[in-house]
Amino acid sequence: MAGALLAFGAAGCGPSGDSATSPRASSSSTPAAAPRAPVELAYESQPIGLPLPARPVIPHLTIADLDADGLEDVIVCDGVTQRIGWIRQSPRGVFTETAIGDPVPGPAHVSVCDFTGDGRLDLLVASMGTILPSNDRIGRVVVMENLGDGTFRTRVLGENLARVTDVRGADVNGDGRMDLIVGQFGYLEGEIQWMENLGDWQFRWHRLLNQPGTITVPPADFDRDGRMDFAAMVSQDAEAVHLFRNLGGEFRDLVLWRAKDESWGSSGLDVADLNRDGLPDLVVSNGDGFDVNMTKPAVWHGLQWLENRGNGDFVYHRIGDMPGCYSPIGVDLDQNGRPDIVTVSGFNDVMDPAAVWLMAWMNEGQGKFRPVPLAREPTRLITVAAGDLDGNGVPVLVTGGLHLYPPYTHMSRVTLWRRKLPASIR
């Protein structure tokens, strides 16, 4: 894959949200602007980090300037080494991976924030104990405290928990201390909790939901009242998207949307203001196949948008179909001011050379998104992040591969995708 050039022009239009129901779309008397020519997206791929193992397992990765040297790095959850990897960029364009902190069993998610308030970026790590199904209470909440000299102190803030899939930092009660929002998938038993930071590494736990299947818990001020709320994707038997509205240290649980049956396959949730109205929307993917070792396309898999209309009112829009759709992120790929969406596929047809594993959904406004395939290999991509790794303002993509099931072909561990720019804007 190193150096392989993948260039795809405009793809056929897929399903989009119903813009006729939007008052913003129908009330304007200004004539519609002439449609712009579709931006051609071409990407070069480059493996970064450790060499490819026999079967890579990268459940999650993110991008941040961890050492504050002005160069963005990649932070990786590695289910093979059971470590958090730091793929440091130094100098620009050169990436070297080292393990940081102590080993973490089943690292499922890593987020970055200044948890201690000392101006250095710390890591919040969700430890499942094991990536494979288990109802044992083997989960942990881990903070890797940045000591400022390139080293990190591992602090286990909670253990013997139902398998933890997400940990996010947010000042929930407005006391100036960073609290933690914790999603616990478990298996037959799981929870959502928030950990109130009492200072001096002491915490009070508050249970908000007592059911299994939580995948992710992204925070945002969804109602713009100055208090941090958070959304949650809950799978298993529930298959629902929740909003936990912050009422001032107490939360109200609202179910924003629920699937018709448990085969829907919840797989990802991200926050992005897709229509630029100032209200955080939710981008939702369904594409999970872990429970059935899915190897053939599922026609119901794909991408959707929960449009935030305010006061807890969210409107569902189907954006498009994508077998095995996972890990949606909002990112302005063509730099026109509108957030686009990037998704990967963890469960497409491995033996089909036409199967798409990396997809862009270009935001054309008025609730319309145009699907553009970006890569037809490597296979089984489960996570994607975007950031300005080159320092030129053009988003670079980084993907992680997770290969738990055969056939083991066209595998990858961590891959950087750099856009090949037209000569006029290089």
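Which residues does Val342 touch, not counting residues up to four places away in sequence? In this predicted model, the contacts of Val342 are Ser327, Pro328, Ile329, Val331, Leu333, Leu358, Met359, Val384 and Leu397. Val342 also belongs to the largest nonpolar core, a set of 26 residues. Leu333, Leu358, Leu374 and Leu397 join Val342 as the residues with the most contacts inside this core. Strands S2 (41–47), S24 (325–331), S25 (340–345), S26 (358–365), S27 (368–375) and S28 (381–387) each give two or more residues to the core. A second core is separate and has 16 residues. Phe222, Trp257, Leu282 and Leu306 are among them. In soluble globular proteins, nonpolar side chains tend to be buried together.

A charged residue is also buried. Asp288 lies in the loop between strand S21 (281–286) and strand S22 (302–310). Asp288 is buried but forms no salt bridge. The nearest side chain of opposite charge is that of Arg380, 10 Å away. The side chain of Asp288 does make a polar contact, at 2.8 Å, with the side chain of Tyr326.

At the level of the whole chain, the secondary structure comprises one helix and 30 strands. Of the 426 residues, 54% are buried. Contacts between residues at least 6 apart in sequence were also examined: 49% of these join residues at least 24 apart. The chain exposes about 17200 Å². Carbon and sulfur atoms supply 50% of that area.

Terms used: Residues are numbered from 1 along each chain as its sequence is written. This is a predicted model: local features need pLDDT of at least 70, side-chain atom pairs count only at pLDDT 80 or more; totals for chains, interfaces and linings use all residues. Side-chain values use heavy atoms; hydrogens and water are left out. Helices (H or I, at least four residues) and strands (E, at least two) are DSSP runs, numbered from the N terminus. Buried means under 20% relative accessible area, exposed over 50%, partly exposed in between (1.4 Å probe, protein chains only). Lys and Arg count as positive and Asp and Glu as negative; His and the chain ends are not counted. A salt bridge is a side-chain nitrogen of Lys or Arg within 4 Å of a carboxyl oxygen of Asp or Glu. A polar contact is a pair of N or O atoms within 3.5 Å; within protein, one must be able to donate a hydrogen and the other to accept it, and residues adjacent in sequence count only if both atoms are side-chain atoms. A nonpolar core is a set of buried Ala, Val, Leu, Ile, Met, Phe, Trp, Tyr and Cys residues joined through side-chain atoms within 4.5 Å. Contact means heavy atoms within 4.5 Å. Accessible areas come from the Shrake-Rupley method with a 1.4 Å probe; for residues, only the protein chains shown count as cover.
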